[in-house]
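Please have the sequence and the structure at hand while reading.

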Amino acid sequence: MSQSEFIRDADADLPEETRWEGKFIVAKTRGRWEYVGRLRGIRAAAIIAIDEDADGTRHVILVSQYRVPLGRFCLEIPAGLVGDDDGAEGEHASDAASRELEEETGYKAGRMEVLGEFYSSPGMVSECFTLLRATGLEKVNEGGGLPGENITVHRVALSDLSDFVAKWRKAGHGVDVRIAMLLTAEYLGEKLK
């Protein structure tokens with residue numbers, strides 16, 4: 001499909017106005033649209049990390065932490081910003097994903113595969129993230145993130161994932177939309193039937 005097949009929004013060519021700017025994000029308006037974006041072209045990397053036992057049982061590595069905007073704990077796949085440190089503006093998403101995976105979960109990936117770029121909430125946020133699949137995992141430390149992040153690591157058997165997510169929700173916690181991708185065979189590297 002080419003872009004010429006679609007009709008652009010009536011506000012698409014109006015001037016963009018900055019309403020507020022913080023250290024990492026900026027709030028903008030364009031016509032009737034209000035949205036936020038990352039400053040300095042910062043992007044994100046999100047990782048589907050698959051670990052396998054000697055008997056072939058496959059697990060996904062998830063993280064949870066308290067998210068102030070939600071006012072509760074949220075279950076997520078490991079993720080972090082690409083090029084957010086001074087001097088790291090040209091950082092590759094795979095490098096950021098490897099760093100974030102180890103910081104947050106304590107696992108190092110033997111292989112990191114880029115699955116593509118995605119937008120998490122395109123009607124409200126201009127941020128895109130690169131989705132990667134990490135395999136060949138090796139546990140090298142306890143994880144937990146940087147000081148103050150207080151990240152909890154969850155190693156969940158794929159066969160138990162739906163139940164784990166349901167129990168997490170029932171406990172009143174949040175669930176990141178990217179968890180929904182884990183419930184599909186394609187993103188887990190399974191053959192579709």
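Helices (H or I, at least four residues) and strands (E, at least two) are taken here as DSSP runs and are numbered from the N terminus. With that naming in place, the points below describe a predicted model, beginning with its largest pocket, which has a volume of about 1300 Å³.

**Largest pocket**
- The lining of the largest pocket is made up of 36 residues, and those lying nearest the centre of the pocket are Arg38, Arg67, Glu76, Glu127 and Arg178.
- At least two lining residues come from each of strand S3 (33–38), strand S5 (58–67), strand S6 (72–76), strand S7 (79–82) and helix H1 (93–105).
- Sorted by class, the lining of the largest pocket contains 18 nonpolar, 13 charged and five polar residues.

**Second largest pocket**
- The second largest pocket holds about 260 Å³ of space, and the residues that line it include Asp9, Asp11, Arg30, Trp33, Tyr35 and Tyr119.
- Also among the lining residues of the second largest pocket are Ala12 and the residues Pro122, Gly123, Met124, Val125 and Ser126.
- By class, seven residues of this lining are nonpolar, three are charged and two are polar.

**Glutamate 104**
- Glutamate 104, which is placed in helix H1, is buried yet has no salt bridge.
- The nearest side chain of opposite charge to glutamate 104 is that of arginine 67, at 6.0 Å, whereas a salt bridge requires a side-chain nitrogen of Lys or Arg within 4 Å of a carboxyl oxygen of Asp or Glu.
- The side chain of glutamate 104 does reach the backbone nitrogen of alanine 79, at 3.3 Å.

Notes:
Residues are numbered from 1 along each chain as its sequence is written. This is a predicted model: local features need pLDDT of at least 70, side-chain atom pairs count only at pLDDT 80 or more; totals for chains, interfaces and linings use all residues. Side-chain values use heavy atoms; hydrogens and water are left out. On a 1 Å grid over the protein atoms alone, a cavity is a set of points where a 1.4 Å probe fits but cannot get out, and a pocket is an open set with protein on both sides within 12 Å along at least five of seven lines; lining residues have an atom within 4 Å of a point. Grid points are joined across faces, edges and corners, and a volume is the space filled by probe spheres set on the points. Ala, Val, Leu, Ile, Met, Phe, Trp, Tyr, Cys and Pro count as nonpolar, Asp, Glu, Lys and Arg as charged, and the others, Gly among them, as polar. Buried means under 20% relative accessible area, exposed over 50%, partly exposed in between (1.4 Å probe, protein chains only). Lys and Arg count as positive and Asp and Glu as negative; His and the chain ends are not counted. A polar contact is a pair of N or O atoms within 3.5 Å; within protein, one must be able to donate a hydrogen and the other to accept it, and residues adjacent in sequence count only if both atoms are side-chain atoms.
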